[in-house]
Amino acid sequence: MANAAAARLPNGLEIVQGPLAYNADGLATQHNADFLRDPRFAAAYARGIDTIRSRRGNLEVGWRVQVCCWAAEHGLHLDGDFVECGVFTGIYSRAIVEYVDFNQEADRRFWLLDTFQGIAEEMLTEPERRLGVDRMNRKYAGDCYEEVKATFEPFPNVQIIKGAVPFTLEQVRAEKVAYLSIDMNAAAPEVAAMEFFWDKLVPGAVVVLDDYGFRAHIVQKIALDRFAASRGVGILPLPTGQGLIIKP
Ligand SMILES: C[S@@+](CC[C@H](N)C(=O)[O-])C[C@H]1O[C@@H](n2cnc3c(N)ncnc32)[C@H](O)[C@@H]1O
């Protein structure tokens, strides 16, 4: 490959160096990342990132957003609403409504659930506290509810539910779910959300587990693996750190 620097480990395996198509967010790869330059994706990603620019201007999560946009677009082929548990400013959900032109989906709602005040710390387990999950999540602590309401004001079929999962789950008036995103950085509410939505997920629906492979979130991975095994499915670990489930 042109300009590729070759470096080898003593055992002969090649180290990935360059040219790198993507090198951000814990992921460095030479593999094709042309989607970043796709005008439809680029516009959607920019809308998502705009929601957080004032807080963290240099954030780069393009590959993770691509996974969410792909999974949500797949959901358009299915019957059911979209749900995201763990929204913060709405990077993923704002990108998705742009990417799939959600205002054209008159019969479909997108339910966004968050405390909008950071992680519900009382739900963290002792192992999660020891891993510092409570400290890491202080960055989500400021109240962003009004901001998120303003972000989604142009999208009347987006429903925002403020409060801690699992206590708010019953407010989601969806019999069928075609896309589910789980990103609450804590095992207990994530498993509760999976249990609540599992029977509502229609066959073929994709579930994106945002924190699945991130080292600090190993407690979530263990809990979600146990949940998946109890339902007879596996979780696909993605190099982005996300995990994917396809509802059988
Ligand atoms: C990593 S952020 C979500 C980022 C978001 N997916 C995005 O697109 O930018 C995690 C969010 O989970 C929320 N959260 C944590 N525990 C929660 C719970 N029990 N119920 C509702 N929201 C929770 C936090 O308030 C925080 O906004």
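Predicted model: local features only at pLDDT ≥ 70, side-chain atom pairs only at ≥ 80, totals over all residues.
Conventions. I number residues from 1 along each chain as its sequence is written. Local features need pLDDT of at least 70 and side-chain atom pairs count only at pLDDT 80 or more, while totals for chains, interfaces and linings use all residues.

Sheet. I looked up the strand order and found 7 strands in an open, mixed sheet, β5-β4-β3-β6-β7-β9-β8. The edge strands are β5 (158-162) and β8 (236-237), each pairing on one side only. Strands are DSSP runs of E, at least two residues, helices are runs of H or I, at least four, and both are numbered from the N terminus. Two strands pair if DSSP finds at least two bridges between them. I noted that β3 and β4 pair in the parallel sense over 4 bridges. Glu 84 has Leu 112 in β4 as its bridge partner.

Helices on the sheet. α3 touches β3, β4, β5 and β6, and its direction makes about 170° with that of β4. α7 touches β3, β6 and β7, at about 175° to the direction of β6. Contact means C-beta atoms, placed from the backbone, within 7 Å. Angles run from 0 to 180 degrees between N-to-C directions, with axes fitted to C-alpha atoms, for helices over the stretch in contact.

Ligand. I listed the shell (C-beta atom, placed from the backbone, within 6 Å of the molecule). Of its 22 residues, Gly 86, Phe 88, Ile 91, Tyr 92 and Pro 189 come nearest. α3 (91-99) and β4 (110-114) each supply at least two shell residues.

Technical notes
Contact = placed C-beta atoms within 7 Å.
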